[in-house]
Structure formats: structure tokens, C-alpha cells
Amino acid sequence: MAARKTTKKPNVSAEELKTYYREMLLIRRFEEKAGQLYGMGLIGGFCHLYIGQEAVVVGLEAAAEDGDKRITSYRDHGHMLACGMDPGGVMAELTGREGGLSKGKGGSMHMFSKEKHFYGGHGIVGAQVPLGAGLAFADKYKDNGRVTFTYFGDGAANQGQVYETFNMAAIWQLPVVFVIENNQYAMGTAQSRSTSTKDIYHRGEAFGIPGEIVNGMDVLAVKEAGEKAVAHCRAGKGPYILEVKTYRYRGHSMSDPAKYRTREEVQKVREQSDPIEHVRELLLTGKHATEDDLKAIDKEIKEVVNQAAEFAKESPEPSLDELWTDIYA
Ligand SMILES: Cc1ncc(C[n+]2csc(CCOP(=O)(O)OP(=O)(O)O)c2C)c(N)n1
Ligand SMILES: [Mg+2]
């Protein structure tokens, strides 16, 4: 993973930088709170936190336009918050309550939003990849200029369905950005143990799909790469692959004892490449914000997250009648 860069003068406004800071911080604090509620027994089942990977979604959302679509795996809270879904609705879904975005019946891995064009939340590794191509197929058919961001992990990238999808997306020149969130682990398996090559994006070459590596700890680099990928898709040139090198600070899920890596390894990334610290430094050294300005943002975000947690605790359990709604048969 590339080390943090602070010397390069960023080509963004102070307001934009503050927005990215705020959005990444919201994800981080939200996930920390979710971890706490899980520890208190208020969240059951699986819960996969996104801490460390915040710059990936925030950077790509900065490159998206209204009406663009997104679909991802079970590690999905960050994607939902970054596309503007309500933190209270997401948190209440985690606690399985009526006020949750899936009325408490989907949980952490299964939320959707028609309004924000968020198509899940998928617990089956890799399953969202062909679905993402399908969403892009619909847009191509409608000729509406929309692009679909299809996110998946380094582990998922070893699945056969990913390459069937690459083939079809290339044949049909679908407007889809395949985002490989390479956080270097698939559950407890390091990428070096599961994947034959260090980089994954070049597998697209076999299908004629261009791609590149992106520093996923630098929100500005992600945004820039995202804009390039989106422009490629909107120009009708077909799919594009972004392999975003990132790192997950927490275990795979809340029940992971994390014996497959050292504390020092995690600590080193936190100290040297944290994506939020990166923007914080840019804001301070560029004199775009003072410590007090950033403290005020921190306070504001804490308040949003506390309110989401209160809502998630106070919302009632779904009524028994809900057993018979939203089902196919
Ligand atoms: C088809 C399928 N196989 C196995 C699993 C169990 N499983 C859940 S997550 C995971 C690892 C995926 O790793 P990666 O794609 O790198 O995503 P990350 O968790 O790092 O975000 C596995 C094997 C599953 N959910 N679905
Ligand atoms: Mg992974």
C-alpha cells in the first residue's frame, strides 16, 4: 500500500476537502458505534465493519452523478452512508427494528434504496458482480447515460462468476465500473495465500477491459481514478476496473479473533496511511481549517451517530404481521 502523501498540493477546494473529511468520519464513527452496540448484544448475526476503507466509497461517490447505481457485498454500511442513506435507518436495521431500512428483516447485509439507487447488500460472496452487470445492462438498454459501481473484494475476485461477468460486460460494452476493494484479506486468508498475483486488475486484460491500481487510502486519488473510469463508461467504451488498495482495520466480522495477522501490522497502517488523518493533515497544513473547525465537525458527526443509535434502540421490534409481507410466495 502506498504511504500517505501530504506534499502534493491537492487540486480541490477547502469545502470539498471538508466534505470528504465529514463523510469519512461519519462512516468511521458509525461503524465504531455499531461495534459497541454489537458488544452490548443489541445487534445479532453477522456484522462486517468498514473501518479503514472509508476513502474508497467516499472518493467514488464524489465521482458519481445523480442516478448512478451502486451494489456491493455484506461489508456495506459505508456504501449506504456515502450515497446518502439515513444513518438512523441503517442502524435500526442492524438492531433488527421496525425503523430499519428493511423493516428489521434484512439486517446488516441486506438493505436497499430505490431513491439512492443502492442495490444491496449481498451476503453471497461475488453474487453482486453479475447483478451489477445486469443493472448496467438495463441502463445501456435505456440509453440513459448512467453508470453502475459494482464493488467486490480481493477474495471474491477469485470466483468464476466474476470472469463470466467480465466477458459479458465486455461483449456488451456495459457502463459498469468494477471496483475491487483489495483490503488484503478474505476472512482470515491473506491475499498472498489465496491469489496467484499481487495485483488483480490486470485480469481484465484477458477480456479487453482496461483498469488500474488506485491508492485507496487517499480519497483524492480515488476520486480522480473514479472520474476517469466513469468518463470511460459514459463515453460508451464499456467497463473499467479499479483495483483499490485498502486495508480493513477490524476483523472480518465481529466474531473474528484476528489470529492471522499481528497487531503491529494493523497499527503500522493506522499510523502511516489512515485515510481520515490524511485529509485532516491536508486541511490543517493547507490552512483550510483550524483544529477548532475540525473539532466542531467531529462533534456534529458524533451527534448524528448518537441520534442514529438512539433511534435504533428505541424503534420497536417488527410486528408479527411483518412475517407475511415482502415475500415472494
Ligand atoms: C459463495 C460464498 N462462499 C463463501 C462465503 C463465506 N465468506 C464470507 S466473506 C468471505 C471472504 C470474502 O473476502 P473478500 O472478497 O476479500 O471481501 P472482504 O470481506 O475482505 O470485504 C467468505 C469466504 C460466502 N459468504 N459466500
Ligand atoms: Mg478482502
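Reader: Before I look at any detail, what does the chain average in pLDDT?

Author: Start with the general idea: where pLDDT is low, the predicted coordinates should not be read in detail. In this chain the average is 96, and 97% of the residues score at least 70.

Reader: Where is confidence lowest, and where is it highest?

Author: Helix α7, residues 191–194, has the lowest confidence with a mean of 95. Strand β3, residues 176–182, has the highest, at 99.

Reader: OK, on to the sheet. What is the order of its strands?

Author: In general, strands of a sheet pair through backbone hydrogen bonds, either parallel or antiparallel. Here you have an open sheet of five strands, ordered β1-β2-β3-β7-β6, and the pairing is parallel. β1 (69–71) and β6 (211–215) are the edge strands, each pairing on one side only. From one strand to the next, the twist averages 20°.

Reader: How many bridges join β6 to β7?

Author: Five bridges link β6 with the parallel strand β7, residues 240–245. To find your way there, look at Gly 211, which stands opposite Ile 241 in β7.

Reader: Which strands does α5 touch?

Author: α5 packs on the sheet and touches β1, β2 and β3. The direction of α5 makes about 170° with that of β2.

Reader: Now backbone angles. Which residue has a positive phi of about 60°?

Author: Keep in mind that most residues other than glycine have a negative phi. His 117 is not a glycine, yet its phi is positive, about 60°. You'll find His 117 in the loop between α4 (87–94) and α5 (128–142).

Reader: Why does His 117 count as partly exposed?

Author: Because His 117 has 19 C-beta neighbours inside 10 Å, and a residue needs 20 or more to be buried.

Reader: And what about Asp 143: where does it lie, and is it buried or exposed?

Author: Asp 143 also isn't a glycine and has a positive phi, about 55°. Asp 143 sits in the loop between α5 and β2 (148–153). Asp 143 is exposed, because 8 other C-beta atoms lie within 10 Å.

Reader: Last one, the ligand. How many residues surround ligand 1?

Author: There are 14 residues around ligand 1, and the closest are Val 125, Gly 153, Gly 155, Ala 156 and Ala 186. Sorted by class, the shell holds six nonpolar, six polar and two charged residues.

Terms used:
Residues numbered from 1 in each chain as written. Chains lettered and ligands numbered in written order. Predicted model: local features only at pLDDT ≥ 70, side-chain atom pairs only at ≥ 80, totals over all residues. Near = placed C-beta within 6 Å. Nonpolar A, V, L, I, M, F, W, Y, C, P; charged D, E, K, R; others polar. pLDDT = per-residue confidence, 0-100. Helix = DSSP H or I, 4+ residues; strand = E, 2+ residues; numbered from the N terminus. Buried ≥ 20, exposed ≤ 12 C-beta atoms within 10 Å, placed from the backbone. Pairing = 2+ DSSP bridges. Axes fitted to C-alpha atoms, helices over the stretch in contact; angles between N-to-C directions. Contact = placed C-beta atoms within 7 Å.
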